[in-house]
Amino acid sequence: MIEESKISEVKGVGEKTEKLFSKLGIYTAGDLLRYYPRGYDVYEEAVPVSEVEEGRIMTVTGALFGRVQVSGTRRMQVTTAWVKDITGTLKVVWFNMPFLRNTLAGGGIITLRGRIVSKKTGISMEHPEIFYPSEKYEDKLHTLQPKYGLTAGLTNNAVSKAVRQVIENLNLSKEPLPSNLRLKYGLAEYNYAVKGIHFPEDKEVFYHARNRLVFEEFLQFILSLRKLKDGNERLANEYVIPKDARVDEFIKALPFTLTNAQQKVWQEISKNMASDTVMSRLVQGDVGSGKTIVAVLALMNTALCGYQAAMMAPTEVLARQHYESVTGLFEKYGIPVKTVLLTGSMTVKEKRRAYDRIECGLAKIIIGTHALIQGAVTYDNLALVITDEQHRFGVKQREAFAQKGGAPHVLVMSATPIPRTLAIILYGDLDISVIDELPKNRLPIKNCVVDNGYRKTAYTFMKKQIAEGRQCYIICPMVEESEHLEVENVTDYAKALKEEMGGQIQVDFLHGKMRQAEKDDIMERFGKGKTQILVSTTVIEVGIDVPNATVMMIENSERFGLAQLHQLRGRVGRGKYQSYCIFMSSSKSKETRERLEILNKTNDGFKIAGEDLRLRGPGDLFGIRQSGLMDFQLGDIYQDAKILKEANEAADWLLKNENEYVRKISSYEKISSVII
Ligand code: ADP
Ligand code: MG
């Protein structure tokens, strides 16, 4: 078998499984090899009964205690047992396994591994895996079992088996990396790494394998960026745009003074656009630092010079939000610039009207979603494209615009807080401007880290805020097993909350499985103040500006990376009201407390990212989800910062020596899909 072999050629994969794999984007043996586990089940040492933590999968060893009981209905039989060690007693339940009453009748020492849940009746372990007699656990101890992303009908076991088949029957690929690099950076051999990422014998093997694959993932990304940069530099500036005096007047008339950082960045942008090279620039600024107004200045200046300027947002809600704030400002200050909205959900008639106005050049500023680069749009003289909270503006997008005109200036806006050393590498194709200062009128967000006992108080506090006219977000606890459970979880949480809050308060919920239109609808209702509480998974849109929302409560906050927590917190504290962020955590561990304390102490995203990096160190891969920023397949820009720097150094070397490895890198698509 070779990497290009169809998945149906893998032993055990029939027509039905083939279809299921195709749903996951897996068509060939190679695709399957690169379908890395989302995580691993780690068979850890057993903990004392008194130290089990709610929400986590844990192992305990103890003596069976008392009688094993079976209760419940025919459809749902519940088997209950008790295990006891010197620190305490734990209730254990299984579903629809009544025969366990006999199996466990002999008593004695048992080891159990399962999820710890907390119900009204107290703490228990649910449906654990059984090791009886207890010694059986020793074979499993410290091993890692891969957990794959699944789709309905496909089991983890099926994926795991298919992967094993491929690994065992594949004609080994040749090692692509030059051997001196492997030696210098201590990188595992390719085939070893692939096997090790799927079926690591222990953590050591896993780290070694993962390091290698992350290194190569970063290396390819960096090499593609360098090519992109070369391409950009050869582009002469077709649209020399001098600064228009009316923009300065506009700035003076604004109800607030620009921060020094906003002014500095605006200078950098306007200078660049008036120079003889085309602009490819990233504006990086923490949440709430005021990037939008800087973008508006660039749009306006371009339009006043007689050219068109477009701004692209990732969702309809954000696009509409921008459109409304731009037209509002222009109206208020009498700026004579025609602005249109263009999104996918507009009717055919509405779209045609927008197309006409864009094509004839009447519309000077165009704000929208991806519809801006799709088929039917023709621009008259597009000179500037801005993307907000977007996927990286890659070669494909640039080409799409080029086909619709010349080579416009590009401005990319991002709230991803990363240290400058990393930014230079990750945005190697762009010049970087940083807004490193928040507007002065802000009241700093008040934070607290609390445990579950505080939940009732938090709800009461929210009621009070709502009575004063404010709104709240709640980020739901995460469910590890499957996205399906996540949906159920959010729905249940919202339902319970509604009861708790009483009939007057409107509660809505949001999760990743919803259609875009549905999500937009819910966000819009919240934006207009029709709902008071929004329960959501982390899909809550970046960039959403609802200044009236003042409370953000995050359940299970110990499971998130700090950078992501900071982004979530950034949804509040955007207006004149005092805002609050409640980090809920049941974890008693010292490290967790220490991490969350950082958020408690500072609201500065750059500082947080740095501290996070320092505390997590390399290697802490099991406890915390990836940052969710810069979505690499394996690599995490914070956690793997050291590898990133090494890959950058390696890229320098490969380019300098015109190594043949460089020639093989051609995939620009990788770049466009990375969220910045
Ligand atoms: P982000 O950088 O997260 O995109 P926004 O551009 O949405 O932030 O700005 C957040 C809020 O701050 C907006 O309501 C905006 O009007 C306001 N704002 C922007 N600049 C300033 C400033 N210099 N002084 C006071 N408020 C500002
Ligand atoms: Mg924004």
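The views show a predicted model, in which local features need pLDDT of at least 70, side-chain atom pairs count only at pLDDT 80 or more, and totals for chains, interfaces and linings use all residues. Residues are numbered from 1 along each chain as its sequence is written, chains are lettered from A and ligands numbered from 1 in the order in which they are written, and side-chain values use heavy atoms, with hydrogens and water left out.

View 1. A side-chain N or O atom of Arg442 is 2.5 Å from an oxygen atom of ligand 1. A nitrogen atom of ligand 1 lies 2.9 Å from a polar side-chain atom of Gln262. Ser289 places a polar backbone atom 3.4 Å from an oxygen atom of the ligand. Ligand 1 taken alone exposes 570 Å², of which the protein buries 84%; accessible areas come from the Shrake-Rupley method with a 1.4 Å probe, and for residues only the protein chains shown count as cover.

**View 2. Helix α5 and its cover.** Helices (H or I, at least four residues) and strands (E, at least two) are DSSP runs, numbered from the N terminus. The end C-alpha atoms of α5 (residues 156-169) are 20 Å apart, in agreement with the 20 Å that its 14 residues should span at 1.5 Å a residue; the expected span is 1.5 Å times one less than the number of residues. Val159, Ser160, Ala162, Val163, Gln165, Val166 and Ile167 of α5 are buried. Buried means under 20% relative accessible area, exposed over 50%, and partly exposed in between (1.4 Å probe, protein chains only). The cover of these residues includes α1 (15-23), α2 (29-33), β8 (144-147) and α7 (190-198), where contact means heavy atoms within 4.5 Å.

**View 3. Thr369 in a loop.** Thr369 sits between β12 (365-368) and β13 (382-388). Its relative accessibility is 8%, so Thr369 counts as buried. Not counting residues up to four places away in sequence, Thr369 touches Met312, Ala313, Thr315, Glu316, Ala319, Leu342, Thr343 and Gly344.

View 4. In the loop between β5 (88-95) and α3 (100-103), Asn96 has a phi near 50°, a positive value in a residue other than glycine. Asn96 is partly exposed, at 40% relative accessible area. His127 lies in strand β7 and has a positive phi of about 45°, although it is not a glycine. His127 is partly exposed as well, at 37%. The peptide bond from Tyr132 to Pro133 is cis, with omega near 5°; Pro133 is in the loop between β7 (122-131) and α4 (137-140).

**View 5. Leu100 in helix α3.** Leu100 belongs to α3 and is buried, with 4% relative accessibility. Leaving aside neighbours within four places in sequence, Leu100 is in contact with Thr79, Trp94 and Ile130.

Terms used: A polar contact is a pair of N or O atoms within 3.5 Å; within protein, one must be able to donate a hydrogen and the other to accept it, and residues adjacent in sequence count only if both atoms are side-chain atoms.
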